[in-house]
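Reader: Hey, I'm new to this one. Can you walk me through it?

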Amino acid sequence: MTAKERREQLIDVSKALFAQKGFEGTSVEEIAARAQVSKPVVYEHFGGKEGIYAVVVDREIQGLTGALTGALTAGGHPKVVLERTALALLTYIESSEDGFRVLVRDSPVAQATGTFSSLIGDVATQVEHLLAEQFRRRTLDPGVAPIYAQMLVGMVALTGQHWLDARNPSKHDVAAHLVNLAWNGLSGLERHPSMSDSGEPRGPVVPLTDDEAPTT
């Protein structure tokens with residue numbers, strides 16, 4: 001292997017071990033053994049377990065942040081933005097299961113501090129601005145937008161963590177049910193929710209003003 005290929009191999013091997021055993025439960029010896037290299041090779045590339053763990057977490061945070069931010073800022077009807085964001089998280093979990101396990105294993109959604117908790121807080125801040133604007137347009141108090149943002153993001157994150165192991169129903173069905181609850185509320189749940197096909201909201205919606213109607 002080239003040095004670059006060896007580095008990537010060590011990252012992949014370490015990510016799988018961290019996902020399975022956590023940071024404390026993983027040793028440099030195990031990383032080296034699974035990669036079929038000597039311990040000095042691991043130290044040469046990363047300086048130790050802490051260094052490789054930091055690289056793994058940083059990569060996963062960048063990947064997930066990029067996916068969620070892209071979904072939130074792409075524009076469109078608020079319900080479609082919610083659908084897109086929920087689906088972005090579930091797609092990330094599907095494509096990077098070990099990476100998501102690393103993020104939530106040592107810093108679960110319900111924990112007040114930690115890398116993943118910090119990420120969720122950053123996403124909630126973005127959602128807060130979107131909600132505040134919608135609240136103003138509906139003559140609701142924008143001052144409560146922050147707590148609603150925490151509710152919404154926390155619900156999506158915890159559902160994603162559950163789906164990580166359950167994997168049933170499909171990610172599209174999970175996203176549809178998430179949006180069903182978040183958008184319609186318990187009193188207005190659709191019997192058979194589904195994702196929007198054309199960007200148009202489905203089911204009961206709050207009337208929109210002309211300037212926020214979804215475009216086709």
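Author: Here is a quick tour by question and answer. The model is predicted, so to speak of local features a pLDDT of at least 70 is needed, and side-chain atom pairs count only at pLDDT 80 or more, while totals for chains, interfaces and linings use all residues. Residues are numbered from 1 along each chain as its sequence is written, and side-chain values use heavy atoms, leaving out hydrogens and water.

Reader: Which residues have the most contacts inside the largest nonpolar core?

Author: Leu10, Phe18, Ile31, Leu64, Phe100, Phe116 and Val127, in a core of 61 residues. Helix H4 (residues 49-73) gives the largest share of this core, ten residues. A nonpolar core is a set of buried Ala, Val, Leu, Ile, Met, Phe, Trp, Tyr and Cys residues joined through side-chain atoms within 4.5 Å.

Reader: What does Val127 touch, not counting residues up to four places away in sequence?

Author: Leu72, Ala149, Leu152 and Val153. Contact means heavy atoms within 4.5 Å.

Reader: Switching topic: at what angle do H1 and H2 pack?

Author: About 125°, with the axes of helix H1 (residues 3-21) and helix H2 (residues 28-35) 9 Å apart. That makes H1 oblique to H2. Axes are lines fitted to C-alpha atoms, for helices over the stretch in contact, and angles run from 0 to 180 degrees between N-to-C directions. Under 35 degrees counts as roughly parallel, over 145 as roughly antiparallel, 65 to 115 as roughly perpendicular, and the rest as oblique.

Reader: And how do H5 and H6 sit relative to each other?

Author: Helix H5 (residues 78-95) and helix H6 (residues 97-105) cross at roughly 110°, and their axes come within 5 Å. H5 and H6 are therefore roughly perpendicular. Leu89, Tyr92, Ile93 and Ser95 of H5 make the contact with Glu97, Gly99, Phe100 and Leu103 of H6.

Reader: Last one: is Asn180 buried or exposed?

Author: Buried, with a relative accessible area of 5%. Asn180 lies in helix H9 (residues 171-184). Leaving aside neighbours within four places in sequence, Asn180 is in contact with Gly185, Gly188, Leu189, Glu190 and Pro193.

Methods:
Buried means under 20% relative accessible area, exposed over 50%, partly exposed in between (1.4 Å probe, protein chains only). Helices (H or I, at least four residues) and strands (E, at least two) are DSSP runs, numbered from the N terminus.
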